[in-house]
Amino acid sequence: MAVPVSTDATPVRTVSARHFVRLKLRVMGNNFRGQGWRIALFIGGALLGLWFAVSGFFLFALPGLTGEGQYAVLVAAAGGGLLVLGWLLLPLVFFGVDETLDPARFALLPLTRRTLVTGLFAAALVSVPVLAVLIASFGLVLTAWSLGGWSAGLVAVVGVIAGLLLCVAASRALTSAFATMLRSRRVRDLAAVLLAVTAALLGPLQVFGLAALREADWTRLTGVATVIGWTPFGAPWTAGIDVAQGRVWAAPVKLLITVVALGALLAWWSRSLESAMVGAASAGKAPVQRGVTGGAVAQLFPRIAGWARRDRFGALVAREARYWWRDARRRANLITIAVVGIFVPVMINLGGAGFVAGDGPDSTTSAANSSPVLVTISMLFVGVVAAVTLANQFGFDGSAYAVNVVAGVPGRVELGARMTAFSLYVLPMLAFVAVVLSIVLGRPGWIGLTIGGLVATYGAGLAVNSLVSVLGAYSLPETSNPFAMNSGAGVAKGLLTLLAMLASAVAAVPMVVAAALLGDAWLWLALPVGAAYGLGAALLGAYLAGDVLDRRQPELLATVTPRR
Amino acid sequence: MTVEHPALALRGLAKRFDGTIAVAGVDLDVPAGSFYGLLGPNGAGKTTTLSMAVGLLRPDAGSARVLGQDVWQDPVAAKRLLGVMPDGVRLFDRLTGAELLAYNGLLRGMDPAVVDQRAAELLDVLALGDAGRTLVVDYSAGMKKKIGLACALLHGPRVLVLDEPFEAVDPVSAALIRDILTRYAAGGGTVVFSSHVMEVVERLCSHVAILASGTIKRVGTIGEVRGDRSLEQVFVEVVGGRTATGEELSWLSR
């Protein structure tokens with residue numbers, strides 16, 4: 001029998017962005033309940049954000065405070081552009097996006113896409129980084145006001161807020177799009193290639209940019225800044241300055257550019273949001289492949305781990321090796337290492353050296369200006385970034401870690417196997433970076449130096465991060481977005497990551513000291529000493545952290561199990 | 001062994017989460033060779049109790065022994081005797097079924113040849129061989145339960161602890177799981193499982209315990225607990241709570 005569907009007489013109350021913001025605040029608040037250390041970490045992160053905010057504020061306000069109006073456009077366009085770029089890239093590379101409100105949770109609610117996007121967007125604005133950037137960018141308002149009075153200041157306020165909205169929208173749209181790409185099995189390789197190409201392009205661009213900076217005088221830089229000011233990267237930030245400097249007609253045009261860009265980004269986000277809401281279901285089932293060869297054990301071991309013994313250690317290595325490739329979240333991390341590993345050393349050694357030796361006779365010698373110390377420091381950075389991926393290695397497993405607890409795997413075997421499997425992917429990557437860097441620098445003799453520095457830092461980093469992964473683990477949300485962080489405590493987790501990186505870097509400082517003190521002898525010693533240092537540190541780390549792990553396996557399992 | 005140890009002996013197990021008591025002192029003896037059903041409503045503490053019994057969750061108080069081996073003092077010896085399927089079937093689900101079995105077997109220190117042979121048999125019997133290279137994450141709920149059971153059985157444990165093995169399983173798979181468990185118990189193994197499906201418990205179990213609000217309310221052989229009534233009647237009486245609606249919800253039948 002057909003049931004009459006009555007369209008209810010009582011009007012449905014409309015859902016507005018306010019509800020989403022309140023929901024986010026409530027979730028954040030509940031997340032802190034009874035977790036003293038989380039509150040402490042959050043406050044620490046907030047203070048750090050405040051510090052950045054205040055220093056940013058004074059940087060932006062500098063032209064206004066000193067009355068040097070000619071630099072105002074430069075500061076606004078370059079600083080603002082960097083802000084937008086940072087919002088775009090940092091979530092992809094380091095911190096992930098805060099998915100306190102997971103779009104998938106709203107899939108069943110009768111909400112229009114417009115309501116959902118505006119709501120999630122409003123909720124995304126409620127965060128410490130947004131507040132920090134808001135404070136910092138009000139330096140621009142001060143500059144505009146002091147140079148051009150209240151009307152310029154008012155336009156600057158509008159511009160700065162529009163710019164902030166642009167930052168958040170850009171980061172959401174980009175991570176959401178990448179998440180969609182990485183989630184789908186078919187195009188995941190395409191996404192990897194795309195990221196790699198972006199990385200490959202960033203290096204040369206950086207070098208080019210810094211070389212141009214060295215050549216150019218300030219007036220030419222201001223010219224570049226003016227051009228940037230007409231792109232979405234600089235438009236919102238420079239609108240107020242334009243009014244102050246008499247170009248009143250420019251302000252509405254620039255605000256229009258911003259609004260159009262904002263609209264386009266939100267539209268893009270709303271499209272990829274759809275697939276995020278349907279979630280893993282849209283990934284499509286992998287075709288059932290028959291014709292399996294070999295027994296179960298032979299199937300478990302991928303080619304990369306084929307050498308391993310068919311025992312407990314070997315099984316752990318094989319499973320981890322498979323997971324680094326099959327788990328979208330882990331794969332995203334591997335890609336990040338490749339990206340950072342390639343472009344940061346090139347940037348530091350070519351660009352940095354050129355920048356430091358700014359008055360060198362000609363640009364062809366810029367490569368020669370790099371020093372063993374600088375090379376070792378850049379390698380240190382790469383090694384630290386590579387190793388910090390393991391800082392929450394048990395969080396990747398989630399509740400599946402119960403299998404290892406039930407089987408009673410000894411901590412040292414567990415950590416040693418995890419290090420080994422990760423290194424199967426990362427060490428070739430690091431070796432590649434080291435060789436490429438030596439060749440790009442025109443110093444093939446430095447290959448030992450680069451590899452030695454990398455391996456030493458990486459090994460020390462493995463040791464530090466093993467301990468961090470046992471003591472500071474946290475659960476990752478069970479969404480298919482590899483960039484998602486768990487509810488609210490994103491600041492705290494970023495802080496933990498920074499701490500782990502700092503500790504790893506400190507552990508590798510002896511390599512830099514040796515590079516500085518030992519001179520040419522170090523070029524030969526770096527490889528054997530670095531390799532021994534790295535291996536020794538990793539073994540010691542597995543030994544010590546393994547002991548800790550043995551004592552707190554159930555506690556670790558409880559912390560990495562997502563709360564439902 | 002001269003002294004006959006119970007397959008599972010729990011003494012005063014207790015656990016509280018953030019101020020709420022999940023399990024308030026559970027004592028339980030599971031005789032070796034028995035088929036033991038742990039009954040209880042949602043949130044009664046079944047999963048918490050079983051997790052503490054197998055070494056997944058550290059109890060605030062009390063002890064758990066598997067065939068005389070203390071799970072928390074000597075975990076390695078106790079875990080060797082245990083086969084466990086945790087709640088929600090926590091597995092490394094980005095492996096295929098065969099890979100997952102191989103992983104579990106090697107993790108338990110088994111010989112690779114034996115792992116290969118048993119994995120092939122288990123996949124065949126549980127009708128999972130057709131899945132081929134499909135990852136476990138893409139399995140249906142019933143298939144996940146079956147592969148979880150296979151992982152728990154692979155190393156030939158003396159005691160099998162299963163959390164909700166019949167939840168979300170279709171009748172065909174359920175019959176298959178029942179058959180495997182019956183054969184395992186007939187061969188001298190001990191099965192402990194939690195459930196709130198009365199029919200299954202009545203059909204399979206030699207012993208039952210009813211858990212509610214973190215304590216054991218009834219325990220014994222199924223005959224002792226049930227008496228001359230049905231198990232469901234006993235269960236509802238013990239657990240209490242409402243089984244019919246009254247005047248409210250009138251808008252449902254508008």
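**Close-up 1. Strands E1 and E4 of chain B pair in a predicted model.** Five bridges join strand E1 (residues 8-17) of chain B to strand E4 (residues 61-66) of chain B. The two strands run antiparallel. Within this pairing, B:Ala14 has B:Ala61 of E4(B) as its bridge partner.

**Close-up 2. An open sheet of four strands in chain B.** The strand order is E2-E1-E4-E5, with antiparallel pairing. Strand E2 (20-30) and strand E5 (69-70) of chain B stand at the edges. Each has a single partner strand, so one side of each is left without a neighbour in the sheet.

**Close-up 3. Helix H1 of chain B packs on the sheet.** Helix H1 spans residues 46-54 of chain B. H1 touches E1, E2 and E4 of chain B. The direction of the helix makes about 120 degrees with that of E1(B).

**Close-up 4. Helices H5 and H6 of chain B pack against each other.** H5 covers residues 141-153 of chain B, and H6 covers residues 171-186 of chain B. Their axes lie 10 Å apart, at an angle of about 15 degrees. Angles under 35 degrees count as roughly parallel, and H5(B) and H6(B) are therefore roughly parallel to each other. Their crossing is left-handed.

**Close-up 5. Residues at the contact of H5(B) with H6(B).** H5(B) contributes B:Gly142, B:Lys145, B:Lys146 and B:Leu149. From H6(B) come B:Ser173, B:Ile177 and B:Ile180. The residues of this contact divide into three nonpolar, two polar and two charged.

Conventions. Residues numbered from 1 in each chain as written. Chains lettered and ligands numbered in written order. Predicted model: local features only at pLDDT ≥ 70, side-chain atom pairs only at ≥ 80, totals over all residues. Axes fitted to C-alpha atoms, helices over the stretch in contact; angles between N-to-C directions. Parallel < 35°, antiparallel > 145°, perpendicular 65-115°, else oblique. Left-handed = near helix turned anticlockwise from the far one by under 90°. Contact = placed C-beta atoms within 7 Å. Nonpolar A, V, L, I, M, F, W, Y, C, P; charged D, E, K, R; others polar. Pairing = 2+ DSSP bridges.
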